[in-house]
Amino acid sequence: MTATHEPLPPLARRSLLAGLGLLPALPLLRSAPAHAETRPVPASTSGVFRHAGLLITDDDFKRIRGHIAAGQQPWTGWWNRLCTDRATSLDLWPGALPAVYRQDNSKHSLYRDIYRAWCMALRWKLSDDPRYADKAVQFLDAWANTLKVVGTVPPGSTAHDDHTFILMAGMQGHQFAQIGEIMRTYPGWAPASLARFQQMLLEVFGTICSGFLNKVSLGSHANWDIASLCGAMAIGVFCDRPELYRQACDYYAGNNRGKLATFGNGSIVHSVYFMHPGHFGQWEESGRDQGHSTLGMSLGGNFLEMAWNQGDDLYGMYNNRFLAAAEYVARSNLKDESGNVYAMPYAAEQNPPEPHPSRWTQVNQSFQHQRNAWEPIYNHYVNRMGLAAPNVARMVEWCEPNNGGSSDDVAYATLTHRRPAYAGPMKPPSGLTVHLRDGRAVLSWWGSVGATSYVVKRAARANGPFTHLTTIPASELLTHTDAPPKGVWFYQVTALGSASVSVASAAVRVAVPGEPRFSMPLNGSNNTGTFGGLQSPAGKWEIVKGELLGAAAWADGRLNDKAIAFDGKSSGLQLPPGIFSNLDDFTLSLWANANSLRTDTALFYAGHDSYSYMRLLPKGRVGLQFAISGAGFNDEQSLVAPAFMPIRRWVHLAVTLQGTTGRLYVDGTEVARSDYILLSPRQVGDQVAFLGRSWGHAPFDGRIQGFRVEAGALSAAEVAALAM
């Protein structure tokens, strides 16, 4: 069962907070986010698709035709180039094959015919000339009637099978579906032929894409997953298969629906490995090279635009996390005024491919890639939403001439995706966050189209008065680090534009050097039981409830009370999500009494899945261990004590992290320290969190009480006081 928020009457809620030793809560309601525009009903929930509704909708085609009719640029220039493209010659004929392999020349027939059919489809849709529609249909029908196999190496070949047919199935599968989605509106395409093309896509391409997503592995890079995501989503929409579409959406979002699910590097929670200040999202392949990194931008932009056209805003997920990656990758491919590449922040991460994983320690900027990957990203975030994306904007200008021809990318992206420049009012800075890092307040925010600079302010109250701290030019990374005195502080950022226009963000709150975040006594009393108090980053307390799992029960506690007993077989306590939201510096602590110890059994586990997590192990490989990971077991950063946790007595355990310094305590005494803990709770997530249970290992055998989490690192003296 999933941990739930428990609805309680006001008096009962106040009584519970008092019993938990917390201040009375304010009202607990959370308002739903407001929508700026009318959107289609999300297909992920309705299962009903909008046609045409992949990369280009009928409304898009109408808009593009209007730009061309008015002679506007860049649409007219790219339309003229399309009309002179040899790929739109009506004397071309398809070269369909029964089998296509990525490691021989057969793939070129597939690539060439997809490009030609795409150009024919665009030529028809923007001119209404049926000759091009007939020719596009001829290409689609030829492949529908012929293609049976997509593979890596042909039978009998001695070449190594590196399984890259998975990439081809995703990339060429989604490109085929784009063409089919446009051509389904052509009356001259016989229904039986359309159905045959759909069936071919499902059987030859769709099964590979969906099957790969079902076999999750961090042994592949982000692009493998995202190619399959594009294939599954596009084929799902074109073939009216909601299950494929939902699979793609859930996988990308890392939506585990409160259960033990695992996602690979194509999930946005893994493809963006680390969030640096200024909303700079380190891309999973940035340590590899920029060719592969920009391919991730190309595929990712296509994927998000398809979802947007079906009513699902995956662009905005996790505070525009994909835009954070796009700005990071774009910056990695740009040079400064002196012609030098920019120095990029980088958190060392594990290079996934087996059997010889290695450690990447910096962005690979050995070459810059001019892939035209940026149009969907730029035109959504900047021209559609009014957000500033200065690095992406520079890449759009640099890469526009290189607008097609690659088999990896969808051609004529400027023609199909460019939108008029954002003309709305300057928006307030958005996505403002403040994280307590090494005892200081680190702010990041998204800029606004039209802003020339940003004023950072601080106040002791949410409604001010605010004091000016600094002004950040719009050309710089949008972040500021402040070292305020001890207390609770509120920050606000104001965007300054031309003609004295200014708009302010909402205020965000942080307590320095910290404050309680979560408390769950687990003492079995009638007042508290498995209830806990959770303080949001905004400073509001609410009552939450954990769920006892399996054979978890109440047994004798530490102080003539009760504690939760775990049987070591099927028991656990599922905690509510959000306990570690927004936390860099933190403290977690609990009391435990073990009957026995087994290797890798966890007292505590929290994370997004089995690849990004935190866990506290009474018996690690060497000793008592706290570990945090962003990319699987080989990526763990650990605090390891020289001995296992004592058994058959109550033991107080605590972990603190301040900046990159982590400490592990037993009964108030420090037993392990590391100054190299780069990851923090907000980097790895906590969609699932447990006491007494972990991922893939036996549950804890013993009792637990007094689970607490602090925002901020407690001092040694404060930890010792908790252990009394």
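I began with Gln 625, whose bridge partner in S26 is Val 640. The model is a predicted one, in which local features need pLDDT of at least 70, side-chain atom pairs count only at pLDDT 80 or more, and totals for chains, interfaces and linings use all residues. Numbering starts from 1 along each chain as its sequence is written, and side-chain values use heavy atoms, leaving out hydrogens and water.

I next looked up the strand pair. Strand S25 (residues 625-629) and S26 run antiparallel and are joined by 4 bridges; two strands pair if DSSP finds at least two bridges between them. Strands are DSSP runs (E, at least two residues), numbered from the N terminus.

I then traced the sheet. It is open, has 7 strands in the order S18-S21-S30-S23-S24-S25-S26, and its pairing is antiparallel. Strand S18 (547-549) and S26 stand at the edges with a single partner strand each, so one side of each has no neighbour in the sheet. Neighbouring strands are turned by 15° against each other on average, direction ignored, with axes as lines fitted to C-alpha atoms.

I turned to Gln 637, which lies in S26 (residues 637-640). Gln 637 counts as buried because its relative accessibility is 6%, where buried means under 20% relative accessible area (1.4 Å probe, protein chains only). I found that its side chain reaches the backbone nitrogen of Leu 678 at 2.7 Å and the backbone nitrogen of Leu 679 at 3.1 Å. Leaving aside residues up to four places away in sequence, Gln 637 touches several residues, among them Tyr 273, Arg 359, Phe 626 and Tyr 676; contact means heavy atoms within 4.5 Å.

Terms used. Buried means under 20% relative accessible area, exposed over 50%, partly exposed in between (1.4 Å probe, protein chains only). A polar contact is a pair of N or O atoms within 3.5 Å; within protein, one must be able to donate a hydrogen and the other to accept it, and residues adjacent in sequence count only if both atoms are side-chain atoms. Axes are lines fitted to C-alpha atoms, for helices over the stretch in contact, and angles run from 0 to 180 degrees between N-to-C directions.
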